[in-house]
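Hi,

Here is the structure I promised to pass on.

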Amino acid sequence: MQLAIPHAPRKVKLRQVPGAVGRLIRGALLGLLAVAVLGAGAGWAGRYFVEEQGFASRAEEVEGIVVASRLPPPEERDGGEGRLEVLYTFDTSEHSVSGVRTFAEYAEGLGRGARVLLLVDPASPGRPREARFARSQALRVGLMPWGIGLGVLVALGGFAWEVRRLWRSEVEPLRLGALVWLSPDGPLPETRGEVSFPAHYFRQDVKHAVRARVRPGRAPVRNGEKVLAAVVPRQPGWARVIDQDLASVLGWLR
């Protein structure tokens, strides 16, 4: 076996690196799954957003009278919700409604007969909302499209990060890294997964200690007890062992 390795930068493509395309496809599928989930959420959120915006544009302010209130336990009132039973008149009709949501701390200060401002949709006059609580909810709903957009950007950014990571860890060492003969500090591990092991090499009579990555079940290119490896340019303390299958795919064997 003779080696015919060109000088850097060498012509190496991501698809030539065994396993890299599969990992990229898995990352793409996970990204598409995340986007699909976000898309389904966006559909639901979009309908909810439109409904809330429609309510906000149609609702009219009406003054109601508190008949009763239901509060959570004292230890749950900070940031919790209460329920009101209210009487009010809308369009000459009197209404009595229970279960009107509001802030627990606000409901705590409303006794029987207290006046409260309600928002009433003319299309559904029997479903009022307490004004302060409803407007607070509308503000949160207004932020929903931004949150969904951010989620999509995160999914796309995750895929781009995986491509960049694969390029730096799998392709750059082969294209630009220094090729060295590594001396393992012990027997090469035999496992079914990718493993790393301590090794060293000499350059200009200087010993360099590294951690070397090796693919499972592949015969490395050897020179006696030494194995051929490419030093990772951005991480000089790491090296990638070059096996015979990879060297053959890259055309480095005669």
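To start with the strands: in what order do the 5 strands of the open sheet run? The order is S3-S2-S1-S4-S5, and the pairing is antiparallel. (Two strands pair if DSSP finds at least two bridges between them; helices, H or I with at least four residues, and strands, E with at least two, are DSSP runs numbered from the N terminus.)

Before I go on, some housekeeping. This is a predicted model, so local features need pLDDT of at least 70 and side-chain atom pairs count only at pLDDT 80 or more, while totals for chains, interfaces and linings use all residues. Residues are numbered from 1 along each chain as its sequence is written, and side-chain values use heavy atoms, with hydrogens and water left out.

S5 pairs with strand S4 (residues 115-121) over 3 bridges, in the antiparallel sense, and Leu119 stands opposite Arg129 in S5.

There is more pairing further along. Strand S7 (residues 195-203) and strand S8 (residues 206-214) run antiparallel and are joined by 9 bridges, with Pro198 opposite Arg211 in S8. Their hairpin has 2 residues between the strands, and Gln204 takes a positive phi near 50 degrees there. S8 also runs parallel to strand S11 (residues 238-241), joined to it by 3 bridges; Ala212 has Ala239 in S11 as its bridge partner.

Now the inside. In the protein chain, 34% of the 254 residues are buried (buried means under 20% relative accessible area, exposed over 50%, partly exposed in between, with a 1.4 Å probe and protein chains only). The largest nonpolar core has 16 residues, and Val12, Leu14, Leu174, Ile242, Leu250 and Trp252 have the most contacts inside it. (A nonpolar core is a set of buried Ala, Val, Leu, Ile, Met, Phe, Trp, Tyr and Cys residues joined through side-chain atoms within 4.5 Å.) Helix H1 (20-58), helix H4 (144-176), strand S10 (226-231) and helix H5 (244-249) each give at least two residues to this core, and H4 has the largest share, 3 residues. Another core, of 14 residues, lies apart from it and includes Leu182, Val195, Val214 and Val241.

Trp252 deserves a look on your screen: leaving out residues up to four places away in sequence, Trp252 touches Leu3, Ile5, Pro6, Val12, Leu174 and Ile242, among others (contact means heavy atoms within 4.5 Å).

Last, the rings. The structure holds 1 aromatic pair: Phe103 and Phe133, edge-to-face, 5.1 Å centre to centre and with 70 degrees between the planes. (Rings of Phe, Tyr and Trp, its six-membered ring, pair if their centres lie within 6.5 Å; planes under 30 degrees apart count as stacked, over 60 as edge-to-face and the rest as tilted.) Phe103 sits in strand S3 and Phe133 in helix H3 (residues 131-142), 30 residues apart. Phe133 is buried, at 7% relative accessible area, whereas Phe103 counts as partly exposed, at 26%.

Cheers
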